[in-house]
Structure formats: C-alpha cells, structure tokens
Amino acid sequence: MNRKIFYSVAVAWLFVLTVRSQTAPATPEQQKMMLGKIMGASAGMGSMVCDFEQTKELSLLSEKIVSKGKMYYRKNGLLRWEYLTPYRYAFVLNGDKILMQTGNSRNVVDVRSNRFFQELVKVMMSGVNGSGLTDARNFTSSYYAGDRKWKAVLVPVGKEMKQMFASIRLTFSVDDFTVDSVEMEEQNGDKTIIRLTDKKLNAEIDDTQFHID
C-alpha cells in the first residue's frame, strides 16, 4: 500500500472523527460555534459504522474510478476501513499495530518501530479530540456556514501533507456534526471524493472487526 493510499485513509478518517453547502465565510463567532459543536459530537461518539463510496478523478483519464466499502470505528484506537467493491482490501488499526490485507496477503506493522506510521496514527487519532481542525502545524483552514451544511477547506502546510495534497474540502451536516463528504485534491490535479452514508453512531461492533494476529 503506497503513501497516497495511507494518507487518503488517514485524512478521511481524521475528519470523520472531528467534523461535518458553502454559502458564506464563517464569522469568528460562527467558527467558534462550529468547532464547539464538532468537538462535542466527537467526544460523545464511542463508535461509528457507515458505508462509503470513493470516487477517484484522474487527470489523465476521462473515466472515474468508483469503489465502495464499509468503515468501523471504536474509541481507544480501533479502526477498520474496508473496500468491498470492485476489489477487497482492508486497513485495520488496533492500538500500536496496523494490518493491511488483500486476499490472502497480510502485512502487520508495529507503529512504534516506524516513524512514518507513528505520524500516520497521530493524524488519524487526532480527530478524536477535534485537534485536526486546529492543527496549524499541518494546515491552514477556512470555514463556511450554511443553514443545513457546513464546510471546511484545509490547505496543507506540513511537509508530508503538502507533498500529497493541494487542498482538502470537508462538508458536514448540521444534524449530527459528523462528516458527509471529503474531497482531496492532489498536487497533480487528481481528486479523491469520499461520501459517507448510512451512519450509525455508538453502534455495537464485534471485536473481530479489529482483530490483528
């Protein structure tokens, strides 16, 4: 699994945990209110299960690449991001270990022994307390408020993220303050759009979804 896929999963998950159409730039008061609602919802979310649809728009291809899957999250460092169609691939984070599985091929990485994975996990889990939206080391951010939708536009400034993405656009529903869609634009013009549907908050999740040998 290359770094682009790692960071796509990391960024998408970061904002699944922390957030949620553009009508006008948010005032400082609106921004404070938005962040408070988002972080409050994140703090009260013990788990989430949802479906996702990922669409890749490549600058060199006219045809879009669409894949679908399921995401499982539980507090205390448990995440499963699983592609189901048109191919099967699972990325599982459990504490200090990451599992990457395709068919019968399995690769387990100890996060503590790899600086890249340490940074990856830090990015993913920083969403739990809402710090991702105020991570000035890695992003500059702007916010937009609407009656039914909120939007955050983040421009990477951290070295690793800046190499990967030109911008990240996040759309949120004001119904539950969790993310509805994430659009990631890469430096070469390629785009990845992830839409989350059928979200179930604080749902029961079997431990086997996060099992790593």
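Visitor: Which residues make the nonpolar surface patch?
Guide: Leu60, Leu61 and Ile65 make it, with an area of about 340 Å². Patches take residues with over 30% relative accessible area and no salt bridge, and nonpolar side chains (Val, Leu, Ile, Met, Phe, Trp, Tyr) are joined within 5 Å. A salt bridge is a side-chain nitrogen of Lys or Arg within 4 Å of a carboxyl oxygen of Asp or Glu. Areas come from the Shrake-Rupley method with a 1.4 Å probe.

Visitor: What should I know about the model itself?
Guide: This is a predicted model, where local features need pLDDT of at least 70 and side-chain atom pairs count only at pLDDT 80 or more, while totals for chains, interfaces and linings use all residues. Residues are numbered from 1 along each chain as its sequence is written, and side-chain values use heavy atoms, without hydrogens and water.

Visitor: Back to Ile65. Where is it?
Guide: In strand 3; strands are DSSP runs of E, at least two residues, numbered from the N terminus. Ile65 is partly exposed at 40% relative accessible area, as buried means under 20%, exposed over 50%, and partly exposed in between.

Visitor: Which peptide bond is cis?
Guide: The one from Thr85 to Pro86, with omega near 0°. Pro86 sits in the loop between strand 4 (78–85) and strand 5 (89–94).

Visitor: And Asn76, what's its phi?
Guide: Near 75°, a positive value in a residue other than glycine. Asn76 is in the loop between strand 3 (65–74) and strand 4.

Visitor: Is Phe177 buried or exposed?
Guide: Buried, at 18% relative accessibility. The phi of Phe177 is also positive, near 65°.

How values were computed: Helix = DSSP H or I, 4+ residues; strand = E, 2+ residues; numbered from the N terminus. Buried < 20%, exposed > 50% of the residue type's maximum accessible area, 1.4 Å probe, protein only. Patch = residues over 30% accessible without salt bridge, like charges linked within 9 Å, V, L, I, M, F, W, Y side chains within 5 Å.
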